[in-house]
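Subject: The structure we talked about

Hi,

Here is the structure for you to open alongside this message. My notes on it follow below.

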Amino acid sequence: MPEGHTLHRLARLHHKRFAGGVVRVSSPQGRFADGAALVDGHVLVRAEAWGKHLLHRYESGLFVHVHLGLYGTFTETAGPLGDPVGQVRMRMIGTGRAEGPLWGTDLRGPSACEVLHEPEVTALTTRLGPDPLRRDADPDRAWHRIHRSARPIAALLMDQSVVAGIGNVYRAELLFRHHISPHRTGRALHRDEWDEMWTDLVDLMRLGVRRGKIVVVRPEHDHGAPSYAENKPRTYVYRRTGDPCRICATPIHHTVLESRNLFWCPTCQPDGEQATG
Ligand SMILES: [Zn+2]
């Protein structure tokens with residue numbers, strides 16, 4: 001599933017290519033036909049992301065809300081666009097920019113694509129935790145939830161109501177980078193540990209937006225061991241089950257926590273409370 005940096009990158013791209021002009025919106029597949037009719041021919045004011053949610057705001061006050069889920073993708077094409085291929089839920093075509101090509105984008109396979117009114121968007125973003133990629137993010141809101149929770153920190157980091165935008169890769173890699181056992185409870189985490197993790201997360205995810213990919217292994221730990229699959233990021237622990245830890249050579253462990261794969265190094269991330277500092 002795409003993590004938050006992918007959605008923020010998409011939001012920036014859509015903002016640059018479509019905002020400020022009228023867009024034509026349709027649903028070649030038909031499942032979003034009613035929603036598309038509500039925004040078709042209107043001016044797109046801005047595109048923004050909150051965690052893994054993409055929001056297109058229209059001058060009329062309506063929003064198109066997209067969640068890609070596991071299978072959703074946008075395909076961006078310089079116009080004119082050909083006939084839709086496959087199950088295109090939403091097609092958006094820019095019309096209002098004088099210079100450059102008129103861009104179009106086809107959305108396929110999202111878990112959500114719907115028109116929302118402002119109060120519904122407010123309800124959505126209120127349910128979400130702070131997003132490290134948003135300037136308005138308040139890490140205290142996440143800490144408030146974490147420090148009183150008996151759930152493992154690895155589960156809390158994946159809970160979008162605690163922090164919005166983290167997925168399985170950033171979760172595993174962040175915990176490794178801070179030598180924190182994924183099984184430590186939220187309430188056993190120290191405030192300074194959380195502050196350091198948050199600062200690092202902001203840096204990592206911003207780097208992810210800039211580079212268009214996840215970058216988490218520090219250069220001094222990257223001795224050439226390949227990534228877990230072609231065109232995938234090099235990781236410390238994510239999908240490296242049984243491979244030697246890049247720092248201590250202990251085989252990486254794997255378990256399933258709340259239905260999601262979890263990876264960690266039992267030596268670098270020992271169980272139990274650790275001394276800080
Ligand atoms: Zn290790």
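A word on terms before the notes: domain bounds here come from an automatic or database domain assignment. For this protein, that assignment gives domain 1 (4-127) and domain 2 (139-264). Please keep in mind that this is a predicted model, in which local features need pLDDT of at least 70 and side-chain atom pairs count only at pLDDT 80 or more, while totals for chains, interfaces and linings use all residues. Residues are numbered from 1 along each chain as its sequence is written, and side-chain values use heavy atoms, with hydrogens and water left out.

How the two domains meet

Taken over C-alpha atoms, the centres of domain 1 and domain 2 are 30 Å apart. Ten residues of domain 1 are in contact with 16 residues of domain 2, where contact means heavy atoms within 4.5 Å. About 890 Å² is buried between domain 1 and domain 2, and carbon and sulfur atoms give 59% of that. Buried area is the accessible area (1.4 Å probe) that two parts lose on being put together, summed over both. On the domain 1 side, His5, Arg9 and Lys52 supply 58% of the area buried against domain 2, more than any other three residues.

What about polar links? Between domain 1 and domain 2 there are four residue pairs in polar contact, with both residues at pLDDT 80 or more. A polar contact is a pair of N or O atoms within 3.5 Å; within protein, one must be able to donate a hydrogen and the other to accept it, and residues adjacent in sequence count only if both atoms are side-chain atoms. The side of domain 1 that touches domain 2 draws at least two residues from each of α1 (4-18) and α3 (118-127), and α1 gives the most, with five residues. Helices are DSSP runs (H or I, at least four residues), numbered from the N terminus, and strands are runs of E of at least two.

A spot in domain 2

Pro152 sits in the loop between α4 (139-146) and α5 (153-158). Its C-alpha atom is 4.9 Å from that of His183, although the two are 31 residues apart along the chain. Leaving out residues up to four places away in sequence, Pro152 touches Pro182, His183, Arg184, Thr185 and Leu257.

From the record

UniProt places "domain: FPG-type" (unreviewed entry) at residues 236-270. That span is 0% helix and 29% strand, with its end C-alpha atoms 15 Å apart.

Best wishes

Notes: UniProt positions are given in the numbering used here, feature names are shortened, and annotations may be inferred rather than shown by experiment.
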